[in-house]
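Dear colleague,

The coordinates come first, and my notes on what was found follow below them.

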Amino acid sequence: MPSKSEFEEILKDRLQTTHLEVEDNSGGCGTMFSVYIVSPLFEGKSLLERQRTVNDLIKEELKDIHALTFKKTITPQQYENLKK
């Protein structure tokens with residue numbers, strides 16, 4: 001099972017994130033995470049397609065994770081708009 005920091009590095013690398021927040025909701029054992037991901041890979045994709053993209057890129061890690069909750073999966077432009 002990946003630690004929170006290992007999971008963050010995996011997501012950063014595979015999703016080319018410009019902003020990332022990972023919360024370990026499992027009490028430290030690394031089995032439940034919630035994520036807020038900003039990535040250019042989400043451009044032109046629906047919410048479901050964005051979540052599928054994440055799941056496809058981390059399918060090996062998902063075998064050891066019991067729950068993954070998506071807080072947000074947005075593009076860099078959407079993130080900038082939210083900050084305004």
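A residue is called buried here when its relative accessible area is under 20%, exposed when it is over 50%, and partly exposed in between, with a 1.4 Å probe and protein chains only. By that rule serine 39, at 0% relative accessibility, counts as buried.

Please keep in mind that this is a predicted model, in which local features need pLDDT of at least 70 and side-chain atom pairs count only at pLDDT 80 or more, whereas totals for chains, interfaces and linings use all residues. Residues are numbered from 1 along each chain as its sequence is written, and side-chain values use heavy atoms, with hydrogens and water left out.

The overall fold

Helices (H or I, at least four residues) and strands (E, at least two) are DSSP runs, numbered from the N terminus. In these terms the protein has four helices and three strands, and their order along the sequence is α-β-β-α-α-β-α. The radius of gyration, taken over C-alpha atoms, is judged against a globule rule of 2.2 Å times the number of residues to the power 0.38. The protein comes out at 12 Å, close to the 12 Å that this rule gives for 84 residues, so it is as compact as a globular protein of that length. Along the principal axes, the C-alpha atoms fill a box of roughly 35 × 25 × 20 Å.

Of the 84 residues, 37% count as buried. A contact means heavy atoms within 4.5 Å, and among the contacts with a separation of 6 or more, 59% are between residues 24 or more positions apart.

Around serine 39 and leucine 15

Serine 39 sits in the loop that runs between strand S2 (32-38) and helix H2 (47-57). A polar atom of its side chain lies 2.5 Å from the backbone oxygen of leucine 15. Leaving out residues up to four places away in sequence, serine 39 touches Leu15, Gln16, Ile74, Thr75 and Pro76.

Leucine 15 belongs to helix H1 and, at 1% relative accessibility, counts as buried as well. Beyond its neighbours within four places in sequence, leucine 15 is in contact with Ile37, Ser39, Pro40, Leu41, Phe42, Thr53, Val54 and Leu57. Leucine 15 and leucine 41 are 26 residues apart along the chain, yet their C-alpha atoms are separated by 6.6 Å.

Glutamine 16 is found in the loop between helix H1 (4-15) and strand S1 (19-24), and its 46% relative accessibility makes it partly exposed. Its phi is near 50 degrees, a positive value in a residue other than glycine. Most residues other than glycine have a negative phi.

Is glutamate 61 buried or exposed? At 14% relative accessibility, glutamate 61 counts as buried, and its place is in helix H3 (residues 59-62). A polar contact is a pair of N or O atoms within 3.5 Å, where, within protein, one must be able to donate a hydrogen and the other to accept it, and residues adjacent in sequence count only if both atoms are side-chain atoms. The side chain of glutamate 61 makes such a contact with the side chain of arginine 14, at 2.9 Å. Apart from residues up to four places away in sequence, glutamate 61 touches Ile10 and Arg14.

Lysine 12 is placed in helix H1 and counts as partly exposed at 39% relative accessibility. With residues up to four places away in sequence set aside, lysine 12 touches Thr17 and Leu20.

Methionine 32

Methionine 32 is part of strand S2, where its relative accessibility of 34% counts as partly exposed. Not counting residues up to four places away in sequence, methionine 32 touches Glu23, Asp24, Asn25, Ser26 and Ala67. From methionine 32 to threonine 53 the C-alpha distance is 19 Å, with the two residues 21 apart in sequence.
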